[in-house]
Amino acid sequence: MAHKTLNFSFTWRPKPSLPVEGRALLHFPRRRVVLPPTLVAVGCRAGTRIVAAGRGESDGSGNLGVVRERKGVRKNVDIATLGNLCVDVVLDIPSLPPASTAEHRAYMERLEASPPDKKFWEAGGNCNLAIAASRLGLSCVTLGHVGDEIYGNFLLDVLSNENIRYVGMSQNMDDTASIAAYETLLCWVLVDPFQKHGFWSRADFSEEPAFSWMSELTEEVKKAIQQTKILFCNGYTFDELSPDLIISALDCAIHAGTSIIFYPGPRGRALLHGTLEEQRALELLLRQSDVLLLTSDEVESLTGIKNPIQAAQELISRGERTKWVIIKLGSKGSILINRSTVSCAPSFKSAIVNSRQVNVVDTVGCGDSFAAAIAFGFLHRMPAVNTLALANAVGAATATGCGAGRNVAHLNKVLELLRQSNIDEDGVFWGKLFEDSSRANEVMLLSKVPINGHKNRFVRIPIRNVVVELLPKFEKTSARSMV
């Protein structure tokens, strides 16, 4: 996708600096919740709410809410995303200087008054994950709001062309709200020559979520949540939807037997120090999600534990439904922690495509693409190390392109990376990572070694074996994408 280069000055609001103390920052109540079966969808009972500790009702046994099963609903959708639908306007700039909030807002308003050419627009937010998931062969639905204007029409066209269904959340309109409150959210993506990024939108200048006029889930949205196998939510959803509405969606998913994947992202730390409502919603998402996805910095900020493996194990011990915690380690790779094992996958090196080397171009959208592959692995009950290998390949393939949205990884590039199996092994790094992780029992490590073997507490899994298991899963999808 083309980038527009700006040579005039712009404003910038730095991210707030929040302290990370050497202690656990979240205190979850240690109790178990009896949950509905995960294979049968049941209705969302009116009036039933999941509430934070010390607030709301209990059935007397320590279980939050009451599960009342209804007739099973067929789950015919693989993954639904909650909120965070926006249009990215990607602009190349010489540098990212700081500036006052007032100047920053004035600059954004000037840009919005004269929008850049459509060639600089791209689908953003949760559209990135939905597109990546669709290209892996998953059926996808996006739940959210887009306006009835040029940006909204553009976004809906992109989703439709990628075979992604859209379910609007805008049935309950507030007649007192301004027209601007219903417009599609724009995210201005600023990229400097060193590929450092800045992201900002009108949600950055309001104490309220962008779509605070939404008061409850529509019946269509509830039905969509009931019919999906996975509900995906990230931290940026809080920029659009109120904490109460997010909790309602979480409640609906749990009562419907829908798995939940939560990706706090950079917003996680701000939510931790946010309003009481935001803190409660964050706690519930961390306790009730089946899969948590974070970076090493993010998991440290949420737990106060520096070692990412120990921090992930702490989240699992506090969780009530938590099955996987995935930690992204940047250029080194990723790890997946469950209650019994730790699995590690080094990152992929640059690929050779059509006899030429393809290096990292742009990291925007890599995390969303990675998350889509994690959802694929979870949905297909793949081994942890296979899931990480696929996720690393999808993220790396996206990084070789420019921008996100329609530029996220195509399946053919992902499969090429897998076939080359050129992972960046660093035995020193992995050994050091586990020095202080005495709680880690079995450690599975993706490796170039030709046969399975044990060395220095690692069970080495040959990547060639993993690739042989992965490729058949995508043969039909690859054939359709080629057509």
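**Close-up 1. Arg318 and Glu314 pair up within helix α9 of this predicted model.** Because these two residues are 4 apart in helix α9, about one helical turn separates them. Helices here are DSSP runs of H or I with at least four residues, strands are runs of E with at least two, and both are numbered from the N terminus. Arg318 is buried at a relative accessible area of 6%, and Glu314 is buried at 15%. Buried means under 20% relative accessible area, exposed over 50%, and partly exposed in between, with a 1.4 Å probe and protein chains only.

Local features need pLDDT of at least 70 and side-chain atom pairs count only at pLDDT 80 or more, while totals for chains, interfaces and linings use all residues; side-chain values use heavy atoms, leaving out hydrogens and water.

**Close-up 2. Arg287 meets Glu320 in a salt bridge.** The N to O distance is 2.9 Å. Arg287 belongs to helix α7 (residues 276-288) and Glu320 to the loop between α9 (308-318) and β12 (324-328), so this pair ties together parts 33 residues apart in sequence. Arg287 is buried, with a relative accessible area of 0%; Glu320 is buried as well, with 6%.

**Close-up 3. Asp78 and Lys229 bridge two strands.** Here the side chains come to 3.2 Å, N to O. Asp78 is buried at 12% relative accessible area, whereas Lys229 is partly exposed at 32%. The whole structure holds 10 salt bridges.

**Close-up 4. Helix α2 crosses helix α10.** The axes of α2 (residues 126-135) and α10 (residues 366-379) come within 8 Å and cross at roughly 45°. Axes are lines fitted to C-alpha atoms, for helices over the stretch in contact, with angles from 0 to 180 degrees between N-to-C directions. The contact (heavy atoms within 4.5 Å) is made by Asn128, Leu129, Ala132 and Ala133 of α2 and by Asp368, Ser369, Ala371 and Ala372 of α10.

Methods:
Residues numbered from 1 in each chain as written. Salt bridge = Lys/Arg side-chain N within 4 Å of Asp/Glu carboxyl O.
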